[in-house]
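Keep your viewer open and your selection tool ready. We will go from stop to stop, picking residues and looking at what is around them.

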Amino acid sequence: MSVYFESLIEANVDMFIPHVGFLIFIVALYNFSPFFDAISGTLKVKKQKLLAALLTLFILALLVGVFKFVKFSNYEKIIKSNELLSVKGCIENYQSTLISSRGESFEIKDVKFEYNNYGTAKYFFANRKYGDNFIKNNQCVNVYYIPENSQNHIVKICLLYTSPSPRDS
């Protein structure tokens, strides 16, 4: 059994580096820049109100980052504790559609997987190596996934064997 795809989800504090940079930018802009005075003059607001608005934006961005960190941590915990669900079998009902991005879906033993190469988070499988023709009907795989809402997020795919196509029989 060879691994075709395996997610590398690692929640760490490096995720907050952009937030620190944004805060430093706000403070530096406020304290050391005539540009800040020009912006507040153009918007006809006091410097303190503009600073408060930027700090509010920073806090909102930080909260989003914290929620993302918690979500990553939960995914990481599920993967490390081996609480993943898995299904073993051959791909059926494979479909691929290309509109503004490529969406694909397939089933294995009545478990449906659906993903989009643009909208799916980079740490989940979205068949970004589409040209290698790995995902296809009759391809026998073991898929490890995390169910969330109505989605089954694929975190690992292992090749079992290649099933002969119906015309080879």
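Start by selecting Cys 140: at 1% relative accessibility it counts as buried, where buried means under 20% relative accessible area, exposed over 50% and partly exposed in between, with a 1.4 Å probe and protein chains only. Before moving on, note that this is a predicted model, in which local features need pLDDT of at least 70 and side-chain atom pairs count only at pLDDT 80 or more, while totals for chains, interfaces and linings use all residues. Residues are numbered from 1 along each chain as its sequence is written, and side-chain values use heavy atoms, with hydrogens and water left out.

Cys 90 lies in strand β2 (residues 85-90) and Cys 140 in strand β6, so the pair ties together parts that are 50 residues apart in sequence. Strands (E, at least two residues) and helices (H or I, at least four) are DSSP runs, numbered from the N terminus. Cys 90 counts as partly exposed, at 23% relative accessibility. Check the torsion about the S-S bond: it is about 75°, so the disulfide is right-handed. A search of the whole structure finds one disulfide.

Which cysteine is in no disulfide? Select Cys 158: the nearest cysteine sulfur, that of Cys 140, is 13 Å away. Cys 158 counts as buried, at 2% relative accessibility.

Next, show the largest nonpolar core, which has 18 residues. Such a core is a set of buried Ala, Val, Leu, Ile, Met, Phe, Trp, Tyr and Cys residues joined through side-chain atoms within 4.5 Å. Among those with the most contacts inside it are Phe 106, Phe 113 and Phe 125. Centre on Phe 125: leaving aside neighbours within four places in sequence, its contacts (heavy atoms within 4.5 Å) include Tyr 4, Ile 135 and Ile 157. Apart from this core lies another, of 12 residues, with Ile 9, Phe 72, Tyr 123 and Cys 158 among them.

Follow Phe 72 into helix α3, where Leu 50, Phe 58 and Gly 65 are among the other buried residues. Just after α3, look at Asn 82, with its positive phi of about 60°.

Finish at His 19 in helix α1 (residues 17-32). Not counting residues up to four places away in sequence, His 19 touches Phe 58, Ala 61, Leu 62 and Gly 65.

Terms used. A disulfide is a pair of cysteine sulfur atoms within 2.5 Å.
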